[in-house]
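My notes follow in the order I made them.

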Amino acid sequence: MRWGLIGASNIAANHMIGAIRGAGGDIRSVLSASADRAKSYAAEHGIAHGYDDLDAMLAADSLDAVYISTTNEKHFAQAMSAIAAGKHVLCEKPLAMSVSDAVTMVRAADAAGVVFGTNHHLRNAGSHLAIREAVQAGRIGDVLSVRVFHAVYLPPFLHGWRLDNPGAGGGVIPDIVVHDADTVRFHLGEDPVDVVAIDAASGLGQGVEDSCMSVWSMPSGAMVMAHESFTHAFAQTGLELHGTKGSIIARNVMTQRPVGQITLRTEAGEEAITFSDHNLYVRALDHFHAAMEGKGRPSADGIDGIKSLAVAAAVAQAAKTGQRTTVDYGGV
Ligand code: NDP
């Protein structure tokens, strides 16, 4: 599989270049807004070609697929160009700046017959796969509530557009609420109906929120509370699912690494749930490559990306207005 990278980003450098290669992909080219940076990034990562013109890259290298990891406001136009050129697209979250743009991207990919995936890594984690299996096996009975703890300290090397540039899609809501929305949907198999939320700038955000707390109602009646932040240096991430027959308490699982601990608590007592420690991003790539060969679907597809963005958009709207806000999934 021949890949082009759209965006000379940190996520590509730190996770995705290794994951694409780890899954057997060949990275042919990289695009940056700067020709110099394209060249230096390509050299640093052993990529043959660096471009500063997307159309030239799409025309030149016989690519099968592109991975888009530019800042969020660029995803839409870049994905549309790649789809028009017949390339399979793995796009970073949030897919776009609006739900309607995300719907347009995903429908265009369907019409063009190319695979479209959203890079939601958490549902690829051994920890989350084990949690989902336990929930689906009925080990906690009917789910009553979910608590998501995703308040972290944004690493200093990422202090940039996320903290001060709403036009680039900055803020903790587009950055982390989308992941939490995808993870909750993955575990419960249902989509939030409506939300209430409060956001804040608590030390790092300038013109964007760096912290958010929200509560979501689910069609089953389950309640979800979610906390995301860029400013919490000492909080550990976690996920709890509470049901009529038991609770799952997972610590340190809302991360990019295959770590954490999961405990199942029932009438019988406490039990540790073990899980695979495979690389999250390599698993996503394995599924994407299989989908390119006509076998199955990406682990998170375009609809998943639209829905996670829709929940984040509703949370942002609820925080802004102070009103309980219905999630608008854009007709999907
Ligand atoms: P970065 O800030 O690292 O990269 C975004 C863009 O900033 C790049 O495309 C690049 O522009 C430019 N850039 C980055 N580093 C430099 C530098 N040293 N000098 C000059 N320009 C630079 O963002 P992230 O990698 O953190 O995020 C990119 C996308 O990936 C976002 O959509 C984000 O939401 C998503 N993401 C997803 C994660 C996941 O686990 N699924 C985790 C982290 C991010 P150019 O390409 O023009 O050179």
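**Entry 1: α4 and α5.** I looked up this pair before the others. α4 and α5 are roughly parallel to each other, a label that covers angles under 35 degrees, with over 145 called roughly antiparallel, 65 to 115 roughly perpendicular and the rest oblique. The axes of α4 (residues 75-84) and α5 come within 10 Å and cross at roughly 10°. Axes here are lines fitted to C-alpha atoms, for helices over the stretch in contact, and angles run from 0 to 180 degrees between N-to-C directions. Helices (H or I, at least four residues) and strands (E, at least two) are DSSP runs, numbered from the N terminus.

On the α4 side I listed His75, Phe76, Ala79, Met80 and Ile83, which meet Asp101, Thr104, Met105, Ala108, Ala109 and Ala112 in α5; contact means heavy atoms within 4.5 Å. These residues divide into 8 nonpolar, 2 polar and 1 charged. Ala, Val, Leu, Ile, Met, Phe, Trp, Tyr, Cys and Pro count as nonpolar, Asp, Glu, Lys and Arg as charged, and the others, Gly among them, as polar.

**Entry 2: ground rules.** I noted that this is a predicted model, in which local features need pLDDT of at least 70, side-chain atom pairs count only at pLDDT 80 or more, and totals for chains, interfaces and linings use all residues. Residues are numbered from 1 along each chain as its sequence is written, and side-chain values use heavy atoms, with hydrogens and water left out.

**Entry 3: α5 and α10.** The axes of α5 (residues 99-112) and α10 (residues 302-321) come within 9 Å and cross at roughly 180°. The two helices are therefore roughly antiparallel to each other. Val99, Ala102, Val103 and Val106 of α5 make the contact with Gly302, Ile303, Ile306, Leu309, Ala310 and Ala313 of α10. I found 9 nonpolar residues there, 1 polar and no charged.

**Entry 4: α6 and α8.** The axes of α6 (residues 126-136) and α8 come within 8 Å and cross at roughly 35°. His128, Leu129, Ile131, Arg132 and Val135 in α6 meet Thr183, Phe186 and His187 in α8.

I then looked up distances from oxygen atoms of the ligand. One lies 2.6 Å from an N or O atom in the side chain of Tyr281. For the side chain of His75, the distance to an N or O atom is 3.2 Å. A polar backbone atom of Ile11 is 2.8 Å from a ligand oxygen.

**Entry 5: backbone.** A cis peptide bond joins Lys93 and Pro94, with omega about -20°. Pro94 lies in the loop between β5 (88-91) and α5. Asn252 is not a glycine, yet has a positive phi of about 60°. I found Asn252 in the loop between β12 (246-251) and β13 (261-266).

Technical notes
Polar contact = N/O pair within 3.5 Å; in protein donor to acceptor, adjacent residues only side chain to side chain.
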